[in-house]
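Q: Could you walk me through the side-chain packing and the charge pairs in this one? I'd like the cut-offs as we go.

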Amino acid sequence: MAFTWRYATAADAPAIVALVNDAFEVEADVLTGERIALPDVMDRLERGSFLVCDAETDGLAGCVYVELRGETGYLGLVSVASTRQSLGLGRDLMAAAEDWLHDAGCSVCQLWVLSSRPELLAWYGRRGYRVVRKEPFEAVNPPPTRKPLRPVHFEIMERELARAP
């Protein structure tokens, strides 16, 4: 399967909403509602960028959101279509996002992981990220529209950015 990498445009927003909600369906037993809505994607496109991976025949296979926040770059919404998981796309999305942030002048990359996702904490840990602090679920700005169905918080993870030799 061939994939094409590019920056998303506003025309991609509905497909990004569908992709992210598909990829984050696993959180349905922890949080109410969908992970993202069209207005949120449009707002993020004004503040940062989505790097997307197109599948040759059937649309978006993956995406990741990146945003500059001074020397610390933020990445989030690492999403791989449920039909494309376990092919290495998540790893490729992370590498593309980290390269983008590094090239933009960031020395640190930060991401927020829901405490109910130990598999993600471990996955990011294998990529060199470490937990630097915890934040209450409500700490997101703007506040989340979804409500927790059980106690959860965010694990803030960071790693220094450096290009591989």
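A: Helices (H or I, at least four residues) and strands (E, at least two) are DSSP runs, numbered from the N terminus. By that scheme, E98 is found in helix α3. This is a predicted model, in which local features need pLDDT of at least 70 and side-chain atom pairs count only at pLDDT 80 or more, while totals for chains, interfaces and linings use all residues. Residues are numbered from 1 along each chain as its sequence is written, and side-chain values use heavy atoms, with hydrogens and water left out.

Q: OK, is E98 buried or exposed?

A: E98 is buried, with a relative accessible area of 7%, where buried means under 20% relative accessible area, exposed over 50% and partly exposed in between, with a 1.4 Å probe and protein chains only.

Q: And what does E98 touch?

A: Not counting residues up to four places away in sequence, E98 touches L75, R127, Y129, R159 and L161, contact being heavy atoms within 4.5 Å.

Q: Y129 is on that list. What else is Y129 in contact with?

A: Leaving aside neighbours within four places in sequence, the contacts of Y129 include L75, M94, C109, L111, Y124 and M157, as well as E98.

Q: Which residues touch the most other members of the largest nonpolar core?

A: They are L75, L101, L111, Y124 and Y129, in a core of 24 residues. A nonpolar core is here a set of buried Ala, Val, Leu, Ile, Met, Phe, Trp, Tyr and Cys residues joined through side-chain atoms within 4.5 Å. The elements that give two or more residues to this core are β2 (49–55), β3 (59–69), β4 (72–80), α3 (89–103), β5 and α4 (118–126), and the largest share, 6 residues, comes from α3. Apart from this core lies another, of 19 residues, with I16, L45, F50 and A81 among them. In soluble globular proteins, nonpolar side chains tend to be buried together.

Q: Switching to rings: how many aromatic pairs are there?

A: A search of the whole structure finds 6 aromatic pairs. Rings of Phe, Tyr and Trp (for Trp, the six-membered ring) pair if their centres lie within 6.5 Å, and planes under 30 degrees apart count as stacked, over 60 as edge-to-face and the rest as tilted. W112 and F154 form an edge-to-face pair, at 5.4 Å centre to centre with 65° between the planes. This pair links distant parts of the chain, since W112 is in strand β5 (residues 108–114) and F154 in strand β7 (residues 153–160), 42 residues apart. W112 is partly exposed at 23% relative accessible area, whereas F154 is buried at 12%. Y124 and Y129 also form an edge-to-face pair, with 6.0 Å between centres and 70° between the planes, and both of these tyrosines are buried.

Q: Which residues form an aromatic cluster, and where do charges sit over rings?

A: F50, Y65 and Y74 form one aromatic cluster. The charged end of R44 sits over the ring of Y65, 5.0 Å from its centre, and R69 lies over the face of Y74, at 4.2 Å from the ring centre. A charge sits over a ring if NZ of Lys or CZ of Arg is within 6 Å of the ring centre and within 35 degrees of the ring normal.

Q: Now salt bridges, how many?

A: The search finds 14 salt bridges, each defined as a side-chain nitrogen of Lys or Arg within 4 Å of a carboxyl oxygen of Asp or Glu. One of them joins R6 and D12 at 2.7 Å, N to O, where R6 is partly exposed at 29% relative accessibility and D12 is buried at 11%. Another salt bridge joins E155 and K134 at 2.9 Å, N to O, and this pair links distant parts of the chain, with E155 in strand β7 and K134 in strand β6 (residues 130–136), 21 residues apart.

Q: Are E155 and K134 buried or exposed?

A: E155 counts as buried because its relative accessibility is 7%, while K134, at 54%, counts as exposed.

Q: Which residues are linked in a network?

A: E27, R117, E119 and R146 are linked in a network of salt bridges.
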